[in-house]
Amino acid sequence: MNRRRFLSIFASTAVSATIAGPFAASASMSRWQGVALGARAEILIDHPYAEELVDAARAEIVRLEKIFSLYLEDSALSKLNRKGELTSPPLELVELLSLARHINQKSDGLFDPTIQPLWQLYAKHGVEGSKPSLSEIKEAMIRTGMERVAVSPDRIVFDTEGMALTLNGIAQGFIADKVANLLAREGLTNALVETGEIRSLGPKRSGSPWKVGIVRPDGKSEETIELTNGALATSAPDGTLLDPVGKQGHILHPRQGAAEMRWRLVTVSAPQAVVADALSTAFCLMEKKQMTATLAQFPGAKIKHLA
């Protein structure tokens, strides 16, 4: 399972399926393949009204992508990053940024969506085969910090010129929750949603848990985690274009301005995918003691794998 590389939705009222295997043949099967969130996307639903549910799920993904995407020039996030403010922002952007601020505060600032200027700096040097200087890092850090982002239903505004947000460490989980909620409203009680992060609605129809495979950093073995009703998110800091020789990760420390590889793989479960997503990102920068203290502030959240 590659972190933030593809999106799939598996749902069932008549057959069983796991994320690792295809659906059994069914006359009520509906499949869609395309691109979403800047990556390959696939939706598979087995249901008497499968086609309508696929259309509804696609529409929800497209709607949310137009809010959170860094790839779309006309997304709400892209407009905010260009202008430094956004009036009458979409309610979902206000909701997600409020959640991001909460997790930022509870994680001692280690989950920080304002890290985008730093990320852009490292990405630029990575393409050039170099590393940023200390002065460049310090200059970029002046333009980071959640305390510099004012969020209200009427307006979102940065208080420092040149700031930008990335929601890549939280939006996939948020979208997984939204799609799962949509399917639940349509009556599905056995579904698995993956948008780079995973959210389950109940177990498989058979009553057995969904089985999710997590590939270890060495790529030679896989751990299977059972999921019945909740969410799972994985962060793997290494394997990045930020460093041409692959010696540092892509998750940046907000206060140090450095790309770190304290852990090679962190998997977190939680009742909501948005929480699991953000915590798995922040935990890549924490020692175990700090992880434990942070988990205590999020009921139901657990570390499922650490390497």
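Predicted model: local features only at pLDDT ≥ 70, side-chain atom pairs only at ≥ 80, totals over all residues.
Local features need pLDDT of at least 70 and side-chain atom pairs count only at pLDDT 80 or more, while totals for chains, interfaces and linings use all residues. Residues are numbered from 1 along each chain as its sequence is written, and side-chain values use heavy atoms, leaving out hydrogens and water.

**View 1. Strands E7 and E8 form a hairpin.** Strand E7 covers residues 191-194 and pairs with strand E8, residues 198-201, in the antiparallel sense over 4 bridges. (Strands are DSSP E runs of at least two residues, helices are H or I runs of at least four, both numbered from the N terminus; strands pair if DSSP finds at least two bridges between them.) Leu192 sits opposite Ser200 in E8. In a regular strand, side chains alternate between the two faces of the sheet. Here, Ala191 and Val193 point one way and Leu192 and Glu194 the other, and all are buried (under 20% relative accessible area, with a 1.4 Å probe and protein chains only). Between the strands lie 3 residues, and Gly196 in this hairpin takes a positive phi near 95°.

**View 2. Asp112 sits in the loop between helices H3 (91-106) and H4 (116-128).** What does Asp112 touch, leaving aside its neighbours within four places in sequence? Its contacts (heavy atoms within 4.5 Å) are Asn104, Gly145, Met146 and Pro254.

**View 3. Helix H7 spans residues 273-283.** Why is H7 largely enclosed by the rest of the structure? Because 11 of its 11 residues are buried, including Asp277 and Phe283.

How values were computed: Buried < 20%, exposed > 50% of the residue type's maximum accessible area, 1.4 Å probe, protein only.
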